[in-house]
Amino acid sequence: MHPVLSVVIPMYNEEDVLPLLVDRLRPVLEQLDATYEVLAVDDGSTDLTPAILQRMHREWDRLRVVRLRANAGHQAAISAGLQRARGDFIVTIDADLQDPPEVIAQMLAKARGEGVDVVYGVRNDRSTDSWFKRTTARTFYTTIRTISGSEAISDAGDFRLMSRATVDAINDLPEHNRVLRFIVPALGFPSDVVEYRRDERAAGASKYPFFKMLKLSLDAVTGFSMAPLRLATFLGLGGGVLAVLLALYAIVAGVSGHTVAGWTSTVLIVSSVGAAQLLCLGLLGEYIGRMYTQMQGRPTYFIAYDSLTATKGRHGPTDTPLPPDARLVAGTHPPVARTPDSRYAPDESVPAPSVPSELLEASEPLAPSVPASAARVRRDEEAHAGELLDR
């Protein structure tokens, strides 16, 4: 039986913080009115993290340990956990306790109560972060939203709750070097937020130094925007305009005799060839951008509900959950009063046919066909009406 909630935690050299994490996370999950599992994804740790996880696994049967063969990175570890999570709802959270596990209960309640697919954990207080980190993060998110049109929330990291439909959509994406904090908003699934205060790291050192943050930024820019490729196109167009203006100036200066011999032809050749090269490079970038977008393989739409695959009275495992106001589900809607249908009422003006006595004496009397067909039609209509109510 698969659990209702899966908690995915990427880990890399977290031996110092692991006991603190379990002491805070386990009571929160035990108090939930839902079955759960915890996926600890060991991203090739070189300290005692694997040994501690195995010991905790023996003491806590809900803890699953997934170990990668080599260090693949934070986002890859989260993706590995999403591939193996079995829950109807999946939470991703870091092990450093900067994101409080107690917020998970609020996320699950909001996802169930409001029928949304994604609940983002948004930091309303980042005073524990340095001024440099806060400023660069805000600038980075603003730049990404500008060049890609993404609706990513500035103060939302990788602490979020996702429905099974969202995780299945992410797992179907073929692209590598994912940046989930931008992929999830790009899907466009219904979402909401839960605010919290970001705490200081409980123990250990940060696993995101400056160069890893820079690599994450480059992956985000190249993964969600063709602006770098189109830069050559814009430069080519601007260079072409400048080449035309410079050519007009060179011609006028040459005719008026304010230039030395050969200057006009040299300026015309250099400006026109440079503009043509930039323009051709921009056109190549446009075609490469189309190939790049095609290779990403992101679907243009996602099915939220299909009556053919959904079970009667319920949404399927990958369907968008119903909002709380949609109470017309099997077993909860009130009975519908039905009025008699005159099409199937007996016509009293027509006398009933006489039945031969030998048929009355038969051991297996024949059932009249007309009432049986009428009852069958009535059952079909009732089933169809029930399906409409279940939707």
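**Strands, cores and salt bridges**

Strand 1 (residues 5-11) and strand 4 (residues 89-92) run parallel and are joined by four bridges; two strands count as paired here once DSSP finds at least two bridges between them. Strands themselves are DSSP runs of E with at least two residues, helices are runs of H or I with at least four, and both are numbered from the N terminus. The model is a predicted one, so to speak of local features a pLDDT of at least 70 is needed, side-chain atom pairs count only at pLDDT 80 or more, and totals for chains, interfaces and linings use all residues. Residues are numbered from 1 along each chain as its sequence is written, and side-chain values use heavy atoms, with hydrogens and water left out.

Back to strand 4: Leu 5 stands opposite Phe 89 in this strand. Strand 4 also has a partner in strand 6 (residues 156-163), again through four bridges, and this pair runs antiparallel. Here Ile 90 has Met 162 of strand 6 as its bridge partner. Phe 89 and Val 91 point one way from strand 4, Ile 90 and Thr 92 point the other way, and all are buried. Buried means under 20% relative accessible area, exposed means over 50%, and partly exposed is anything in between (1.4 Å probe, protein chains only).

As for the chain as a whole, there are twelve helices and seven strands. Of the 391 residues, 37% are buried. The accessible surface comes to about 23100 Å², and carbon and sulfur atoms own 60% of that; the areas come from the Shrake-Rupley method with a 1.4 Å probe, and for residues only the protein chains shown count as cover. Among contacts (heavy atoms within 4.5 Å) with a separation of 6 or more, 80% are between residues 24 or more positions apart.

What sits inside? In soluble globular proteins, nonpolar side chains tend to be buried together. The largest nonpolar core has 37 residues, and Leu 5, Ile 9, Leu 29, Val 38 and Leu 161 have the most contacts inside it. Such a core is a set of buried Ala, Val, Leu, Ile, Met, Phe, Trp, Tyr and Cys residues joined through side-chain atoms within 4.5 Å. Elements giving two or more residues to this core include strand 1, helix 1 (18-30), strand 2 (36-42), helix 2 (49-59) and strand 4. Leaving aside residues up to four places away in sequence, Val 38 touches Val 7, Ile 9, Leu 25, Leu 29, Trp 60, Arg 62, Leu 63 and Arg 64. A second, separate core of 26 residues includes Ala 77, Ala 80, Ala 85 and Ile 183.

Ile 183 is also one of the buried residues of helix 7. This helix (residues 180-187) is mostly covered, with seven of its eight residues buried. Gly 188 follows helix 7 and has a positive phi, near 80°.

On the surface, Leu 229, Leu 231, Leu 235, Leu 278, Leu 281, Leu 284 and Ile 288 form a nonpolar patch with about 610 Å² of accessible area together. Patches take residues with over 30% relative accessible area and no salt bridge, joining like charges within 9 Å and nonpolar side chains (Val, Leu, Ile, Met, Phe, Trp, Tyr) within 5 Å. Helix 9 (227-256) and helix 10 (263-296) each give two or more residues to the patch, and helix 10 gives the most, with four. Leu 278 lies in helix 10 and is partly exposed at 31% relative accessible area. Ala 232, in helix 9, is buried at 15%.

The structure holds eight salt bridges, each a side-chain nitrogen of Lys or Arg within 4 Å of a carboxyl oxygen of Asp or Glu. Glu 37 forms one with Arg 64, with the closest N and O atoms 3.1 Å apart. Glu 37 lies in strand 2 and Arg 64 in strand 3 (residues 63-67), so the pair ties together parts 27 residues apart in sequence. Glu 37 is buried at 2% relative accessible area, while Arg 64 is partly exposed at 24%. Another salt bridge links Arg 164 and Asp 168, at 3.2 Å between the closest N and O atoms. Both residues lie in helix 6 (residues 164-171), four residues apart, about one turn of the helix. Arg 164 counts as buried at 12%, and Asp 168 as partly exposed at 21%. Finally, salt bridges that share partners join Glu 37, Arg 64 and Arg 86 into one network.
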